[in-house]
Amino acid sequence: MTTNEKIMYRCLELAGKGAGYVSPNPLVGCVIAKNGKIIAEGYHKKFGSNHAEINAINSAIKKGVNLKGAELYVNLEPCSHYGKTPPCVDKIIQHKISKVIIGIKDPNSLISGKGIKKLKQNGVRVKTGVLVNECRELNRFFLKFVKTGVPYVTIKTAQTLDGKIADKNYNSKWISSIQSRKLVHRLRRVFDAVLIGKKTLEIDNPSLTVRHVKGRNPYRIVIDRRLTLSLNKKIFSDIFRHKTIVITSAKAGKKKINDFEKRNIKVIMCKTKNSLIDLKDALKKLASLGITSILVEGGAITSSEFLKNKLADAMMLFIAPKIMGDGINAFNITVNLSRFRKINFHHFKKDILISVKK
């Protein structure tokens, strides 16, 4: 492994600390080295706050380090435009940093390469393409969001060896082990939103919050085409109801919409297709709210619809060493998953996790 790769891995490690807090911005970490030694580090901690490069530069300044001639490593191309904060390239140039090593370019076609161009025009040497695959994987939510305008979607399900998610009476607690459930809660804290269907809410009445680990709670999305769900459900009545979103259609009554909105619950009107919510339309409207990633934790109907419409980017199947026999299937369709080319297995104390990605 080269020095550039070793330091870039550190950038990725730092960047990961911002997971769950910087969306819809990307995860970015920065390391500054001089004379072969690391002198400062930083990462993007929160949406709207200083970017990773600025935090690393400020850290060096506090230590009294002269940055002239230093090398700056960052996993994503530094910004060259004014957004929530000033351009990072201006600070890099101002402090006479001599070289910038970049993981990947900014994927936004309106921005990509402009930061690099400005650095070069001001005498800063630039190297790109370090740990490209790793950098893309870390920011897969952001990359999908910027390139397509819709969130990155992961389907998560917990099932028995014979593919059941509940018994014939829809009793499902708990199929997976506590270790698996803790992992799901870790996922919730990094995904922008968790999505379920109407039936899952009616039967399980879940909270969809982060409990087994520390972290921020995601938005909670439920699909209810006719908006007939009771307001007594947890996600409509708890202290986090301002982070609840209901996807519905023109079939919803105005009075019921008003009842939800009075509780500070957002209602999104979407198109329908074959008597179901048009998920493509729903994803576009959720993206307009800055939601870049969604963890689908719904039942067979919801998960199958995402697969049928080819809207899922990844799947996580927790398989428990149990046989249900007569029960509810995890999926209700036959679908070719050949487009998911990356397959990984992870063994917990009791369960097996199969992860598939494009």
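Student: Before we count anything in this predicted model, what counts as a helix or a strand here?
Tutor: Both are DSSP runs, numbered from the N terminus. A strand needs at least two residues in E, and a helix needs H or I over a run of at least four residues.

Student: Okay, how many helices and strands does the protein have?
Tutor: Going by those runs, the protein has both kinds of element. The tally is 12 helices and 18 strands.

Student: And why is the protein as compact as a globular protein of that length?
Tutor: Start with the globule rule, which gives 21 Å for 358 residues. The protein comes out close to that, so it is as compact as a globular protein of that length. Its radius of gyration is 23 Å.

Student: How much of the protein is buried?
Tutor: Here a residue has to be under 20% relative accessible area to be buried. Taken over the 358 residues, the share is 52%.

Student: Which residues have the most contacts inside the largest nonpolar core?
Tutor: Nonpolar side chains tend to be buried together in soluble globular proteins. In this protein the largest such core has 39 residues. Leu67, for one, touches Ile32, Ile39 and Ile57, among others. The ones with the most contacts inside the core are Ile32, Leu67, Leu72 and Val100.

Student: Which helix gives the most to this core?
Tutor: Look at residues 3–15, which supply 5 residues to the core. That stretch is helix α1.

Student: How many residues are in the second, separate core?
Tutor: That core includes Tyr152, Leu187, Ile257 and Phe260. Its size is 29 residues.

Technical notes:
Residues numbered from 1 in each chain as written. Predicted model: local features only at pLDDT ≥ 70, side-chain atom pairs only at ≥ 80, totals over all residues. Heavy atoms only, no water. Rg over C-alpha atoms; globule rule 2.2 N^0.38 Å. Buried < 20%, exposed > 50% of the residue type's maximum accessible area, 1.4 Å probe, protein only. Core = buried A, V, L, I, M, F, W, Y, C linked by side-chain atoms within 4.5 Å. Contact = heavy atoms within 4.5 Å. Lists of a residue's contacts leave out its neighbours within four places in sequence.
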